[in-house]
Structures are given as structure tokens and as C-alpha cells.
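Here is a short report on some local features of one protein chain. Look at the sequence and the structure, then read on.

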Amino acid sequence: MALQRLAASSCGSNLLKPISAALSLRRPISSDTTTITVETSVPFTAHNCDPPSRAVDTTPKELFSFFHDMAVMRRMEIAADSLYKSKLIRGFCHLYDGQEAVAVGMEAAITKKDCIITAYRDHCIFLGRGGNLLEVFAELMGRRDGCSKGKGGSMHFYKKEAGFYGGHGIVGAQVPLGCGLAFAQKYSKDETVTFALYGDGAANQGQLFEALNISALWDLPAILVCENNHYGMGTAEWRAAKSPAYYKRGDYVPGLKVDGMDVLAVKQACKFAKEHALKNGPLILEMDTYRYHGHSMSDPGSTYRTRDEISGVRQERDPIERVRKLLLSHEIAAEKELKEMEKEIRKEVDEAIAKAKESPMPDPSDLFTNVYVKGLGVEAYGADRKEVRATLP
């Protein structure tokens, strides 16, 4: 089936609608919700629980959205690489290309009322939560239109209204915070869960085990997601962990190992995890994934692994190419149409960058805002340190 036949509700408009000011993850309109059952690339491996089925139900509409969203994320991160090398992005910058299936598959299984908290490799998670490209690039460049008003940079994205609580720079520190979010959810009885993401490099942190212990004691709806890209900075997992089977690390807490390069497997696992956590408490998901870039922009990424290893993963496990093959094999789209979409995405990203460059830098007085609750602490003072409000409201 050609892509045009999926656009039944587009009323004659272009498949890719004109780029709006928001520059968010926009998808061509597709109304085909016919169920397609696809088997995951590899079986799930379970610890102290029965694994979900490998047969995943999807639709042409969903597969098409997966391809689009991951392609936007991939292009965004490649553009961020160029901006960093041009010194328009400074400081730390950790890219997510290669790991897009985790962000997209997770979103497909949950709602915006569920919470996500992650470490500093956060650009794509933010985009998946409903952020837009302008907010991403403006934040990366330290501009006012950024999601954290240009004050957080690459490592500190945030979107509370969509249940995204950061972007954290301290290794592993987001996990106890995520368990705190889960405690609030259980207290409120709102039937939502929290996904606390961390890398294999953070998996040996003591605070992770402390948070997991209390989450299990209190049956909190917390899902700990280890994005295992196999290298903590430049250290291979087997050199850092006596047992790199991270899904088993909870001992008394069930775990599931997932092909994190298969967006449908991630969707199925996260759906399973949410249902489990609401009934039984915490669960560990280990996403077997891979980053194409180095740990950060200061890491070439090829001194502790071979270029052949990187290219091998690209050829055999790339998450976008896997969905492309599904779209073609099920005749949902033609190769030419997908290439046209990628061309439009490139244009969309370029326009977002241009808008971000026009965004002003934060005012020096902004140093004193968003530090404490409004009206308290240093927000009662101006940039010259003179008190602007003598009494609290």
C-alpha cells in the first residue's frame, strides 16, 4: 500500500504539513489502523517473572510514526554534533543517536501522565515527551527559547507539564528521584508509573540499590530502565561489572532484558512493565542498545571500540532501518516516499536551528531566577544584589 493511500484524512493536503512555529515531532496524517502482528527480533529474557509475548500488535499508522519520530531524533542529534564542532554549542553534550528506539517505544506504551526521569543523554527523551526542536536547539545553544530558558544546556532538559523531570548530570542521582516520583504516584492513587532511566555505567551506584530496596518494600510503581549501551564512558561493561546481567541485579525485584534496538520490543516491554508495576511494585528493564557517538562530544568513541564494531551494529541492528524494512515489506510505503520524508525532516531541523540562532541570550538578571520558589531567597534581589522586595507576599 502506498503512503498516499494511508493519508485518507489529509483532505488533499501534502503528506508532510507545512512547518509550524512549534517545530515539534509532526507526523504525516495516516488513518490506517489495521492491526499487524510483528514478532520481536529476539525473545525477552526474564528474571523472576513470566516474559511478555514476542508477538506485538501494531498498525501502519504506528509504524509510520515510529519511523518519522526516530528519523527526526537521528537528524537532530547529527545536527547537534555539527553545531558543537562549530562552537555554537559549548560545554557538555551527550548524543543519543542509535538509542532512539528506547525513547520512541517507551512513549508508545505509556501516557504523558506517567513520569520519565533520566540522566544527561536526554535530548530525544525530551522530544518524545512532547518537546519541540526549537526548544532543543535553543537550549543547547544557551538561548532564552530553550526548554530550560538557556540555563541548563544539554544535560538539563525539563518539561514538568509532560511528566519529564530531567536531564541530570550526577551519575545515578536521578534514580532515587524517580522512586520519589513513584512514591507520590502511589500516594495519589492515580494509576501512573515512573520510568527512571540510567546507563550501564551508573548501574553499580549504591544509591540505585538503596532506592530499589525502598521501592520494593513499599511496592512503588517504579520501573528502573538500564539503557545498556555497553560502555560507561570508555569502559566496557565487562570491565566495570562482575555481573553485567543488569536485569537480574534487583535480586528480589523482577527484571526483563529487551532488545533496545527494536522499537516494537521496547513498546511491548514497557507496556508489560507498567501493568506489572501498578499491581506488584518495581521492575528492572535492561535495554540492550548502542550509541553511535562517543560518550560525549569530547570522546571520539573509537579508542576503546573498533570502527568495525560500530558499523556492524549500524548494518545489523539499526532501529530506523528495522522499521524501514517493515514499512517496505508490508507495502505501507515505498522507498522513494520514505526518502522524501527524510528530506523534509532535514529541512525542518535546519529551520529550527535558524530560529534558535535568532533567540536572544538570557539576561544577566536571569542568574537569580528559578533558584528558589518565586518570592524567596535570591529572587528577592536584582542583578545588582539590591533588594527589590522587602516583604514576602
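## Two loop residues with positive phi

Histidine 230 sits in the loop between β6 (222–228) and β7. The model is a predicted one. In it, histidine 230 has a positive phi of about 80°. Yet histidine 230 is not a glycine. Is this residue, histidine 230, buried or exposed? Its relative accessible area is 19%. Buried means under 20%, so histidine 230 counts as buried.

Lysine 189 also has a positive phi, near 55°. Lysine 189, too, is a residue other than glycine. Its place is the loop between α6 and β5. The relative accessibility of lysine 189 is 71%. Exposed means over 50%, so lysine 189 counts as exposed.

Which residues make the nonpolar surface patch? They are Phe183, Tyr187, Ile214, Leu217 and Trp218. The patch covers about 580 Å².

Take leucine 217 as one member of the patch. Leucine 217 lies in helix α7. It has 61% relative accessibility, so leucine 217 counts as exposed.

## The largest pocket

Rolling a probe the size of a water molecule over the atoms shows where empty space is left.

The largest pocket holds about 480 Å³ of space. Its lining is made of 29 residues. Nearest its centre lie Tyr120, Arg121, Val171, Met233 and His295. β5 (194–199) and β7 (231–232) are the elements that give two or more residues to this lining. Which of the elements gives the most? It is β5, with three residues.

What classes of residue line the largest pocket? Twelve are nonpolar, 13 are polar and four are charged.

## The second largest pocket

The second largest pocket has a volume of about 270 Å³. It is lined by 15 residues. Closest to its centre are Tyr292, His293, Gly294, Pro300 and Gly301.

α2 (60–85) and α10 (307–317) each supply at least two residues. α10 gives the most, with three residues. By class, the lining of the second largest pocket has four nonpolar, five polar and six charged residues.

Technical notes:
Residues numbered from 1 in each chain as written. Predicted model: local features only at pLDDT ≥ 70, side-chain atom pairs only at ≥ 80, totals over all residues. Heavy atoms only, no water. Patch = residues over 30% accessible without salt bridge, like charges linked within 9 Å, V, L, I, M, F, W, Y side chains within 5 Å. Areas by Shrake-Rupley, 256 points an atom, 1.4 Å probe, with all protein chains shown as cover. Salt bridge = Lys/Arg side-chain N within 4 Å of Asp/Glu carboxyl O. Helix = DSSP H or I, 4+ residues; strand = E, 2+ residues; numbered from the N terminus. Buried < 20%, exposed > 50% of the residue type's maximum accessible area, 1.4 Å probe, protein only. 1 Å grid on protein atoms, 1.4 Å probe; cavity = no way out; pocket = protein on both sides within 12 Å on 5 of 7 lines; lining within 4 Å. Points joined across faces, edges and corners; volume = space filled by probe spheres on them. Nonpolar A, V, L, I, M, F, W, Y, C, P; charged D, E, K, R; others polar.
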